[in-house]
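Hi everyone, and thanks for coming along. Let's take a look at this structure together and walk through it one piece at a time.

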Amino acid sequence: MSASGAKVAIRDAVPEDAAAACHVLRESISQLCIADHGNDPVILNAWLANKTPEIVAGWTRQEGNSLLVAVEGDAVLAVGAVTDAGEIRLNYVAPDARFRGVSRALLRALEARAAERGNRRCTLTSTETAHRFYQSAGYIDDGAPTRKFGTAGGYPMSKDIGAEP
């Protein structure tokens, strides 16, 4: 519950969420991921290049991909995506919703969607900023760091989400 009493809900994104979701993605990356981009405009511009309302709207309809949003009332607080193969591609929270449990709830929903699609494991590439968050959620480092968009971080990680039958 928030101070206003509204409950955070997680649901599938629809094309009408694209502008608000795009805003959350861009603000989260530019304001919360400074450890990754160091305010370098080249890195930041490359990272933000595909974060447009038109592209995000397309992600809501993309085959083999689930785009989820965490909402409180009409406000989008976080955006996440997971492929049908169990790869978590997005998990970004609005700066003013940080440290409220929204990202963790969204991560659980992404893992649940991956499990519904038959996956026993989730994979992702974590930013420097989120690395400890994912470790605290049970993810383990799974390879050498990459330099996505020219950032210093980029940690391949994985987590078992289901037992063998």
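Let me begin with a term: a salt bridge here is a side-chain nitrogen of Lys or Arg within 4 Å of a carboxyl oxygen of Asp or Glu. With that in hand, look at Asp-12, Asp-84, Arg-113, Glu-116 and Arg-117, which are linked in a network of salt bridges.

A word on where this comes from: this is a predicted model, in which local features need pLDDT of at least 70, side-chain atom pairs count only at pLDDT 80 or more, and totals for chains, interfaces and linings use all residues. Residues are numbered from 1 along each chain as its sequence is written, and side-chain values use heavy atoms, with hydrogens and water left out.

Let's stay with the charged pairs. How many salt bridges does the structure hold? There are nine salt bridges. As a general point, side chains of opposite charge can pair when their charged atoms come close.

I will also be saying "buried" a lot: that is under 20% relative accessible area, while exposed is over 50% and partly exposed is in between, using a 1.4 Å probe and protein chains only. Helices (H or I, at least four residues) and strands (E, at least two) are DSSP runs, numbered from the N terminus.

Glu-116 and Arg-113 are separated by about one helical turn, because they are three residues apart in helix α5. Glu-116 is exposed at 56% relative accessible area, whereas Arg-113 is buried at 14%.

Next, Glu-111 forms a salt bridge with Lys-159, and their closest N and O atoms are 3.3 Å apart. Since Glu-111 lies in helix α5 and Lys-159 in strand β7 (residues 155–160), this pair ties together parts that are 48 residues apart in sequence. Glu-111 counts as buried, at 10% relative accessibility.

Then there is Asp-17, which forms a salt bridge with Arg-11, with 2.7 Å between the closest N and O atoms. Is Asp-17 buried or exposed? Asp-17 is buried, with a relative accessible area of 9%, while Arg-11 counts as partly exposed at 33%.

Now to the sheet. Two strands pair if DSSP finds at least two bridges between them. The sheet is open, with seven strands in the order β1-β2-β3-β4-β5-β7-β6 and mixed pairing. Its edge strands are β1 (8–12) and β6 (140–141), each pairing on one side only.

Please find strand β4, residues 87–93, which is mostly covered: five of its seven residues are buried. On one side, β4 pairs with strand β3 (residues 75–83) in the antiparallel sense, over five bridges. Within that pairing, Leu-90 in β4 is the bridge partner of Ala-81. The hairpin of β3 and β4 has three residues between the strands, and Gly-86 there takes a positive phi near 90 degrees.

Two bridges join β4 to strand β5 (residues 121–126), and these two run parallel. Here Ile-88 stands opposite Leu-124 in β5. Between β4 and β5 the chain crosses through helix α5 (residues 102–116), and this β-α-β crossover is right-handed. Right-handed means that, with the strands pointing away from the viewer, the path from the first strand over the helix to the second runs clockwise.

Let's zoom in on Ser-28, in helix α1 (residues 18–32). Ser-28 is buried, with a relative accessible area of 3%. Its side chain reaches the backbone oxygen of Val-93 at 3.0 Å. Leaving aside neighbours within four places in sequence, Ser-28 is in contact (heavy atoms within 4.5 Å) with Cys-33, Tyr-92, Val-93 and Pro-95.

Cys-33 is buried at 4% relative accessibility, and Cys-122 is buried at 0%.

Methods. Polar contact = N/O pair within 3.5 Å; in protein donor to acceptor, adjacent residues only side chain to side chain.
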